[in-house]
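Colleague: I would like to go through this model with you. Could you show it first?

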Amino acid sequence: MKKKTSAKILSQKSLAPGIYDMWLECDIAKDAHAGQFIGVYPNDKSTLLPRPISICEADASKSALRLVYRVAGKGTAEFSRYNEGDCLDVLGVLGNGYDLSLLKGKRVMLMGGGIGIPPMLELAKELFEQNKAVTDGEKAEIIIVVGYRDSKTFLKEDLEKYGKVYIASEDGSVGTKGNVMNAVAEENIEADAICACGPMPMLRAIKKFAEEKNIPAYISLEEHMACGVGACLGCVVKTKEVDHHSHVNNARICTDGPVFLAEDVEI
Amino acid sequence: MRTEIEIAGVKWKNPVTVGSGTFGSGMEYDEFVDLNKLGAVTSKGVANIPWPGNPTPRVTEVYGGMLNAIGLQNPGIDVFCERDLKFLESYDTKVIVNVCGKSIQDYVDVVERLSDEKRVDMLEINVSCPNVKEGAIAFGQKAEALTEITKEIKKHAKQPVIMKLSPNVTDIAEMARAAEAAGADAISLINTITGMKIDINRRTFALANKTGGMSGPAIKPVAVRMVYQAAQAVKIPIIGMGGIATAEDALEFILAGATAVSVGAANFVNPYATLQVIEGIEDYMRRNNVEDIKDLIGAVR
């Protein structure tokens, strides 16, 4: 059940310039899954709206959520100034995450670009856990491809616990020079399914790649949001078919997504 | 202590409803709010056929508020009746359907379609959305146009008609009087105030539509002033709105002359805002020994 609740900051540190790693204690953590997000409210009331931030890790046993976010404006700048013990209001858990049942027995490529990398960690972790519970034939192969700006490869060590990690960097300082698609080409990576989160040009390239390879790509979209619960119709994406809820070619990213099958959306 | 109010013969259990477009048809907020506790649910604007709305970005934050340019995306009246009205059937609250259109005939089509719907208690006519190219605000910025559409809708409407007024006018009192003279049963105000935000780093407009309607706490003083001016000008009941986030805000509108109030953008900030406003009004009445909420309407001295 979604709710607005208070969250206590358990820890916060900077992972790279402008990138912060925050653990929050909140009772909604038990409901959180890979690909979902929460709304985080600034305490400064001149900035009213909840900031949608994806879940990097969820630890139900500790009622804790890990958020790794980039400072992009006033709200996230405020969050970055908080320390252990400070409190924030959060709204969640929001959206539909990745459907792990669709990934059983497949070679799954988890692709993250920049601040789209954090949700890939929880996804890798959940796939890794699912693999323990299923038959050999249903185990997924976890292939992780992540793209950074430079050598500040945040979350790389965490990701390596769950699968083989390929890296691309824009400046060529680590791994393949370029983006995740360059890394896929250089390393000849083959997959049966893709799960991705990252900037729109990357998601467009992945949608095209998946269509050429005839494999499903589950992509996580981003848009400016107000309510986060499907009421305001602020965050829509164009859909190929008429959407079941809106009855026009628009789906709500916050509630019908943020994860969509790439072929279903016009991006 | 009595919190009931009455607008055009329709009795609400308390004076609190929601701003159209901020609450869907209640479905999305059902998880947060017991809809039975609301005076009324006001639905998102609905047209005769589905509307796709505007391109994104459709929303952006501004100091103390937000801009939106959704463009009245809606599934059309048929789906609305089958799904949204059906959903509201089991709730003990009044239902106000917000109606939009591109031409007078569009509005009339929706109003007629709703005339047999038992679940619809009132109609709110959106002649003030600033985000669509045709219709809507075009009928709400000139007194003559407002008079014409109000008269036409009143000819066809079975339920009481609330005309929702735009703040983007020179003289709100003139518009309120025009609506009243044309037969409106009530007026609601204010809709959003047209605004603009520019992203200086990208040198682009923050909204794809360039302009958007501003809502949120920052617009409240403008809204209170306009409700007061409208209340001085007409005798029909007023539903006041614009930046209401707390009971204190709501009480300002009631004292300025509003019979009822709507919580709008505050739902996005605090999904429990409506219930907290209702409880806060009751607290205020207890603290100030107010027996009947009607004693507060227009009671500013």
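**Interface and two local sites**

Modeller: Between chain B and chain A, 14 residue pairs are in polar contact, both residues being at pLDDT 80 or more; a polar contact is a pair of N or O atoms within 3.5 Å, where within protein one must be able to donate a hydrogen and the other to accept it, and residues adjacent in sequence count only if both atoms are side-chain atoms. This is a predicted model, in which local features need pLDDT of at least 70, side-chain atom pairs count only at pLDDT 80 or more, and totals for chains, interfaces and linings use all residues. Residues are numbered from 1 along each chain as its sequence is written, chains are lettered from A and ligands numbered from 1 in the order in which they are written, and side-chain values use heavy atoms, with hydrogens and water left out.

Colleague: What is the count of salt bridges between chain B and chain A?

Modeller: The count is three salt bridges, each a side-chain nitrogen of Lys or Arg within 4 Å of a carboxyl oxygen of Asp or Glu. B:Glu28 forms one with A:Arg252, the closest N and O atoms being 3.1 Å apart.

Colleague: And how much area do chain B and chain A bury between them?

Modeller: About 2,800 Å², 60% of it on carbon and sulfur atoms; buried area is the accessible area (1.4 Å probe) that two parts lose on being put together, summed over both. B:Glu31, B:Glu61 and B:Val269 supply 21% of the area that chain B buries against chain A, more than any other three residues.

Colleague: Changing topic: is strand 12 of chain A enclosed or open?

Modeller: Five of the five residues of strand 12 (residues 193–197) of chain A are buried, so the strand is largely enclosed by the rest of the structure. Buried means under 20% relative accessible area, exposed over 50%, and partly exposed in between (1.4 Å probe, protein chains only). Strands (E, at least two residues) are DSSP runs, numbered from the N terminus.

Colleague: Which strand runs parallel to strand 12 of chain A over five bridges?

Modeller: Strand 8 (residues 107–113) of chain A does, and A:Met111 stands opposite A:Ala196 of strand 12. Strand 13 (residues 217–220) of chain A also pairs with strand 12 in the parallel sense, over four bridges; pairing requires at least two bridges found by DSSP. There, A:Ala196 stands opposite A:Ile219.

Colleague: Lastly, where is A:Glu263 found?

Modeller: A:Glu263 is in the loop between strand 16 (259–261) and strand 17 (265–266) of chain A. A:Glu263 counts as partly exposed, at 42% relative accessibility.
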